[in-house]
Amino acid sequence: MLEIQKQYVVDMAQKSSEWGLCKHKAGNSSVRDKQTGYVLVTPTTIDKKLLTVRDIVVMDLDANVIEADSGLRPTSECLMHLEIYKAREDVFAISHTHSIFATSFAVLARPIPAVVYECAILNLKDGVIPVAPYGRPGTTELSHSVIEPIKRADAILMEKHGAIAVDKDPYEAVLKAAYIEEMAEIYYHALLINDGKDPGGFPPEELQSWAYPSQIKFKH
């Protein structure tokens, strides 16, 4: 069932691995089907490069496994995915990654300010990539810890863990995860150059003010 959506999840997982956002068996990806409401998620303990459509697990929002063709269990962090979908009706794809720079700031529980304007695509209502408080992986504490931050941004850090990016589109969710890592790396280098002094970032109202140039005209 839902073979196209399963392929989306495989593509997300493999793209995050290809881009260096996850290594080996780390991280997880999911898609929510708009028609059925089912969530399609990567299985636990499998190398993303070996992932196939048959390995993707189908669940409902109550954590019932609907289909698992390969006999694999869903990622142990599936509860986190389910709670995000419940909290954000506009979200249909989630990319959870363990990229190096982003995770370094997550270890410090340090939010990343919007240091460059590209952060505007991350829907940062408070002008920062926020940090969800620590929760042990696979627990309800973890799944609940991400809810308030994910209501304030499409990109968040997880204390001592990694990062999460959300979107309505599978590719865009992974792209946002890549932007988190890029912003984290830029922020890291800015701190180094500036002797550890925080460079600050754009205020939320500036990030929300962007519009495509009205001066550009198209001939009909």
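Predicted model: local features only at pLDDT ≥ 70, side-chain atom pairs only at ≥ 80, totals over all residues.
Local features were considered at pLDDT of at least 70 and side-chain atom pairs only at pLDDT 80 or more, whereas totals for chains, interfaces and linings use all residues. Residues are numbered from 1 along each chain as its sequence is written, and side-chain values use heavy atoms, with hydrogens and water left out.

An unreviewed UniProt entry annotates residues 7-188 as "domain: Class II aldolase/adducin N-terminal"; such annotations may be inferred rather than shown by experiment. Over residues 7-188 the chain is 34% helix and 19% strand, with the end C-alpha atoms 35 Å apart. Helices (H or I, at least four residues) and strands (E, at least two) are DSSP runs, numbered from the N terminus.

Helix α1 comprises 16 residues, 3-18. The expected span, 1.5 Å times one less than the number of residues, is 22 Å and agrees with the 22 Å between its end C-alpha atoms. Its buried residues (under 20% relative accessible area; exposed, over 50%; partly exposed, in between; 1.4 Å probe, protein chains only) are Gln-5, Lys-6, Val-9, Val-10, Met-12, Ala-13, Ser-16 and Ser-17. These cover an arc of only 155° around the axis and therefore lie on the same side of α1, the arc being that of the directions from the helix axis to the C-beta atoms. Ile-4 and Glu-18 are exposed on the other side. The elements covering the buried residues include β1 (28-32), β5 (93-97) and α6. Just after α1, Gly-20 adopts a positive phi of about 80°.

The largest nonpolar core contains 59 residues, among which Val-146, Leu-157 and Ile-164 touch the most other members. Such a core is a set of buried Ala, Val, Leu, Ile, Met, Phe, Trp, Tyr and Cys residues joined through side-chain atoms within 4.5 Å. Helix α6 (residues 170-193) supplies the largest share, eight residues. Beyond its neighbours within four places in sequence, Val-146 is in contact (heavy atoms within 4.5 Å) with residues including Met-80, Ile-84 and Ala-132.

The structure holds 13 salt bridges, each a side-chain nitrogen of Lys or Arg within 4 Å of a carboxyl oxygen of Asp or Glu. One of them joins Asp-69 and Lys-6 (3.9 Å, N to O). Asp-69 lies in the loop between β4 and α2 (78-87) and Lys-6 in α1, so the pair ties together parts 63 residues apart in sequence. Another pairs Asp-154 with Lys-176 (2.8 Å, N to O); both residues are buried. Asp-154 and Lys-176 also belong to a network of salt bridges with Arg-88, Asp-90 and Asp-167.
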